[in-house]
Amino acid sequence: MLNFLQKLITFDTTQIENQAIEFIEGYVRNIYWDQLIYEKQDISDKWRYNLIIKNTNKPDVILAWHVDVVPELSKEQFIPRIDWNKLYGRGAVDMKAGVAINIALIDFMLKNKIKFWILSYTDEEYNFLGMKKFVEVYGWKIKPKLTIVTEPTNKIIYTWFRWIAVVNLQIGWVSVHSALKHLGINAIEEYIHYIENLEEYIQTKDSDWYVSLTNLAGIHWGIDKDWIIVSQANIVPNTAKWIFSLRLWNMLSYQEFESFTRNYLDKNWIKIISLEKKNWCYPLIQSDLLNKYSKYSKVESGLTFWYSDVQLIKEYIGWDCLLIWPWPFEKAHQIDEYVEIESIYQSKEIIEKILKDFA
C-alpha cells in the first residue's frame, strides 16, 4: 500500500490525470487479471476520463476517490519522501492516500463476496467534471447501499456537508467616457459592492461568522455596440461578467439568493443581463447515520467545513454516504503536505469493519 502510494504521488495530476489512472488500472490488472471489470468514462475534456473498477453491474458498495490535486507549490512535491512516520508529497493526504486505501480493500471485498464499484474520478478540485459525468451516466440507475469517499477527515466519519454554489452573473447599464465618470455606472465597481453586500447578508445566516464565504473567481468586462465584451481603458465599462462561488454553512435557497440579487441591483439602478447557476448543491444532512456508524469511530454531528462530491452521489444515487478518514486534513493543499502513515492503515481497518458488518 505504501509503495503504491509513493509511486502515485510522482504523477503530476494537477490538470491531467490520465497517466495516474493508467497506472492504477495497470496495477490492479496485474494482480487480479480477469476477476474484475474495467469501465472508462470520457468526461469530454482533453481526453480525460473516469475509471470504474468493479466485480458486478449492480453494486452494493461504492468506494470513491479523486485523482487530481491542487497545483504544486514546489516541483519537489512530486518527489515523495518519508520522515518520522509521515509521507510527504503533493496529494499525499488529499487524496492519493485514499486511492491507496481503496485499492488495498479490493482483496478484502472479494474474499467477503461484496458487490462493489471503485470509482476513480477526475477534476474534483476544479469543476467536478468527473463526478458530474458519473451521475449523468448512473444517476438513479444503480442502488448502492453505501458510498465511502476517502477524503481526509482527521479520524472522524463525516455524514453532514455544507453546500456550494457556482454562479455566472453579468450586470451593466450605463457607460460614459472616463473623463465623465460621475455620469455613468462602472459595472466593475458596482459588482464589487454587490459581492460585499452579498457576503454581509450571508454572514447574517452564519452563526459562527467565519465558515461562509463568497469568492470572485473570474471576470470579463468592457463595452462595444454589439455587447461583445472587450476592454477599453478610456471607457467606464458598462458590463461586467463574473463567475463566483459560495461556500455556506447554513442553507440559502436559490430563490432567496436570486431575490437578494435582483432587489439589491434594482435598488442601485443596475441591470441584470444574465444570471446563471452553474452548480447548486444543497447541504447534505444525514443525521440518521450518527448512531449507525458511531461504533466505528467518532461521527461528526454538524456540517463539515467543506463541500464534497459525495453530495452529488447522495443527490443522484442515494443511500448512506460517508467521508473517511486519513489525517491531517489541515495539511491538504499545503507546501509541506503529508499524510500520517499510521492513519492510512487505521483508515483501512475502520473501513474493513464497516464493510464486514455490511456484508
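Which residue is the bridge partner of Val-61 in E6? In this predicted model, the bridge partner of Val-61 in strand E6 is Phe-116, and this pair belongs to a parallel pairing of six bridges between strand E3 (residues 61-66) and E6.

Strand E6 spans residues 116-121, and six of its six residues are buried. Phe-116, Ile-118 and Ser-120 lie on one side of the strand and Trp-117, Leu-119 and Tyr-121 on the other, with both faces covered. In a regular strand the side chains alternate between the two faces of the sheet. Besides its parallel pairing with E3, E6 pairs in the antiparallel sense with strand E2 (residues 49-54) over four bridges, and in E6 it is Ser-120 that stands opposite Leu-51.

Ser-120 is also one of the residues touched by Ile-24, which is found in helix H2. Ile-24 is buried, since its relative accessible area is 0%, and, when residues up to four places away in sequence are not counted, its contacts include Phe-4, Leu-8, Ile-53, Trp-65, Val-67, Val-99 and Ile-103. The C-alpha atom of Ile-24 is separated by 13 Å from that of Ile-106, a residue 82 places apart from Ile-24 along the chain.

**Aromatic pairs and charges over rings**

A search of the whole structure finds 23 aromatic pairs. In one of them, the ring centres of Phe-4 and Tyr-27 are 4.6 Å apart and the planes stand at 55 degrees, so the pair counts as tilted. Because Phe-4 lies in helix H1 (residues 2-9) and Tyr-27 in helix H2 (residues 18-32), the pair ties together parts that are 23 residues apart in sequence. Phe-4 is buried, with a relative accessible area of 4%, whereas Tyr-27 is partly exposed at 30%.

Elsewhere, ring pairs link Trp-163, Tyr-191, Tyr-194, Tyr-201, Trp-242, Phe-244, Tyr-254, Phe-257, Phe-260, Tyr-264 and Trp-280 into a cluster.

| Charged residue | Ring | Distance to ring centre |
|---|---|---|
| Arg-29 | Tyr-38 | 3.9 Å |

Four strands form an open sheet in the order E11-E12-E10-E13, and their pairing is antiparallel. Strand E11 (213-222) and strand E13 (271-281) are the edge strands, each pairing on one side only, and neighbouring strands of this sheet are turned against each other by 15 degrees on average, direction ignored. Within the sheet, strand E10 (residues 163-172) and strand E12 (residues 239-248) run antiparallel and are joined by 10 bridges, with Ala-165 standing opposite Leu-246 in E12. Helix H7 (residues 254-267) packs on this sheet, where it touches E10, E12 and E13, and the direction of H7 makes about 160 degrees with that of E13.

**The sheet of E4, E5 and E17**

A further open sheet has three strands in the order E4-E5-E17, again with antiparallel pairing. Strand E4 (81-83) and strand E17 (338-340) stand at its edges, each with a single partner strand, so one side of each is left without a neighbour in the sheet. On average, neighbouring strands here are turned by 25 degrees against each other, direction ignored. E4 and strand E5 (residues 86-88) pair over three bridges in the antiparallel sense, and the bridge partner of Ile-82 in E5 is Leu-87. Helix H3 (residues 92-104) packs on the sheet by touching E5 and E17, its direction making about 55 degrees with that of E17, while helix H10 (residues 341-358) touches E4, E5 and E17 and makes about 60 degrees with the direction of E17.

Four bridges join E16 to strand E7 (residues 146-149), with the two strands running parallel, and Asp-320 in E16 is the bridge partner of Leu-146.

Gln-311 lies in helix H9 (residues 310-316) and counts as buried because its relative accessibility is 3%, under the 20% cut-off. The side chain of Gln-311 reaches the backbone oxygen of Tyr-282 at 3.2 Å.

Methods:
Residues are numbered from 1 along each chain as its sequence is written. This is a predicted model: local features need pLDDT of at least 70, side-chain atom pairs count only at pLDDT 80 or more; totals for chains, interfaces and linings use all residues. Side-chain values use heavy atoms; hydrogens and water are left out. Buried means under 20% relative accessible area, exposed over 50%, partly exposed in between (1.4 Å probe, protein chains only). A polar contact is a pair of N or O atoms within 3.5 Å; within protein, one must be able to donate a hydrogen and the other to accept it, and residues adjacent in sequence count only if both atoms are side-chain atoms. Rings of Phe, Tyr and Trp (its six-membered ring) pair if their centres lie within 6.5 Å; planes under 30 degrees apart count as stacked, over 60 as edge-to-face and the rest as tilted. A charge sits over a ring if NZ of Lys or CZ of Arg is within 6 Å of the ring centre and within 35 degrees of the ring normal. Two strands pair if DSSP finds at least two bridges between them. Axes are lines fitted to C-alpha atoms, for helices over the stretch in contact, and angles run from 0 to 180 degrees between N-to-C directions. Contact means heavy atoms within 4.5 Å.
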